[in-house]
Amino acid sequence: WVSTFRIVHRHGGLKWVVARGIPRSDIRERETWSITITDVTDQMRAFHDLQASEIRFRALAENVPGAIFRYCLHADGTHEIHDLSPGCEALWELSAEEIGKDPAQIWEMIHPDDVAAMSASVLESANSLQPWTQSWRLIPPSGKMKWLQGRGQPSRLANGTTVWHSVIFDVTEQRAKDDEIRRLAEQDDLTGLANRAVLRNRMQDALTLQQKTGGGGALILID
């Protein structure tokens, strides 16, 4: 038999022990057992600390406003997604289980104009093992376009698989704010036309090009 239990030692503290007993068949006069008792207090403490750490991590992952997951790219080009946090539903409008069964679904949601850049960023990170960072547009089942931003740290397994520990956030609102700031910086708020700052930049670009090519040009101002 094997049993794990706590004992109270003479100083009043508690210890975890594992007791093991084996019946002695060589002693027939009375029922006899060979018993060993091992102090496993440190191991149990480490186990409980690990459990507490896992609970804290799960609570963190479940409340992060985005998705945390492991993305695996195998040597044959196939891919898998594991340990996807619940935040994935707000991004892709699919459950973690649905995405895990068919990761191709989230690739199919990428805006057509962003697919090539996304594929290139993943392959470049896989080849160099440098951190992956990318922003792209997403068209989920609802049809409402989103801007996403992802980051991941790659590592290579012995079988050639590249694994990224990744996080992806919805940055749609931030992109909208950035676009508005850019618009206000470059356009006249009343007319919607390009302002003097844009004009200066375009003139500088034209002058730079003229100096490189040696061509001529003219400036026409209409007020």
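This tour goes from the cavity to the aromatic rings and then to the salt bridges. Keep in mind that you're looking at a predicted model.

**Stop 1: the cavity**

Start by selecting Y71, W107, M118, W132 and I168, the lining residues nearest the centre of the largest cavity. That cavity holds about 210 Å³ of space, and the structure has one cavity of 30 Å³ or more. Its lining is made up of 13 residues: 12 nonpolar, one polar and no charged.

Which element supplies the largest share? That's β8, with three residues.

**Stop 2: aromatic rings**

There are three aromatic pairs in the whole structure. Select F69 and W92 for one of them: an edge-to-face pair, 6.4 Å centre to centre with 75° between the planes. F69 is in strand β4 and W92 in helix α2 (residues 88–92), so this pair links parts of the chain 23 residues apart. Both F69 and W92 are buried.

Next, pick W132 and W136. Their ring centres are 6.0 Å apart and the planes meet at 40°, so this pair counts as tilted. Here too, W132 and W136 are buried.

**Stop 3: salt bridges**

The whole structure has six salt bridges; here are some to click through.

- Select K15 and D39, whose closest N and O atoms are 3.8 Å apart. K15 is in strand β2 (residues 14–23) and D39 in strand β3 (residues 33–39), 24 residues apart. K15 is partly exposed at 32% relative accessibility, and D39 is partly exposed at 42%.
- Move to D83 and R70, with the closest N and O atoms 2.8 Å apart. D83 is in the loop between β5 (79–82) and α2 while R70 is in strand β4, so the bridge ties together parts 13 residues apart in sequence. At 56% relative accessibility, D83 is exposed; R70, at 26%, is partly exposed.
- Finish on D114 and R137, which meet at 2.9 Å, N to O. D114 lies in the loop between α4 and α5 and R137 in strand β6, so parts 23 residues apart in sequence are tied together. Buried or exposed? Both D114 and R137 are buried.

Key. Residues are numbered from 1 along each chain as its sequence is written. This is a predicted model: local features need pLDDT of at least 70, side-chain atom pairs count only at pLDDT 80 or more; totals for chains, interfaces and linings use all residues. Side-chain values use heavy atoms; hydrogens and water are left out. On a 1 Å grid over the protein atoms alone, a cavity is a set of points where a 1.4 Å probe fits but cannot get out, and a pocket is an open set with protein on both sides within 12 Å along at least five of seven lines; lining residues have an atom within 4 Å of a point. Grid points are joined across faces, edges and corners, and a volume is the space filled by probe spheres set on the points. Helices (H or I, at least four residues) and strands (E, at least two) are DSSP runs, numbered from the N terminus. Ala, Val, Leu, Ile, Met, Phe, Trp, Tyr, Cys and Pro count as nonpolar, Asp, Glu, Lys and Arg as charged, and the others, Gly among them, as polar. Rings of Phe, Tyr and Trp (its six-membered ring) pair if their centres lie within 6.5 Å; planes under 30 degrees apart count as stacked, over 60 as edge-to-face and the rest as tilted. Buried means under 20% relative accessible area, exposed over 50%, partly exposed in between (1.4 Å probe, protein chains only). A salt bridge is a side-chain nitrogen of Lys or Arg within 4 Å of a carboxyl oxygen of Asp or Glu.
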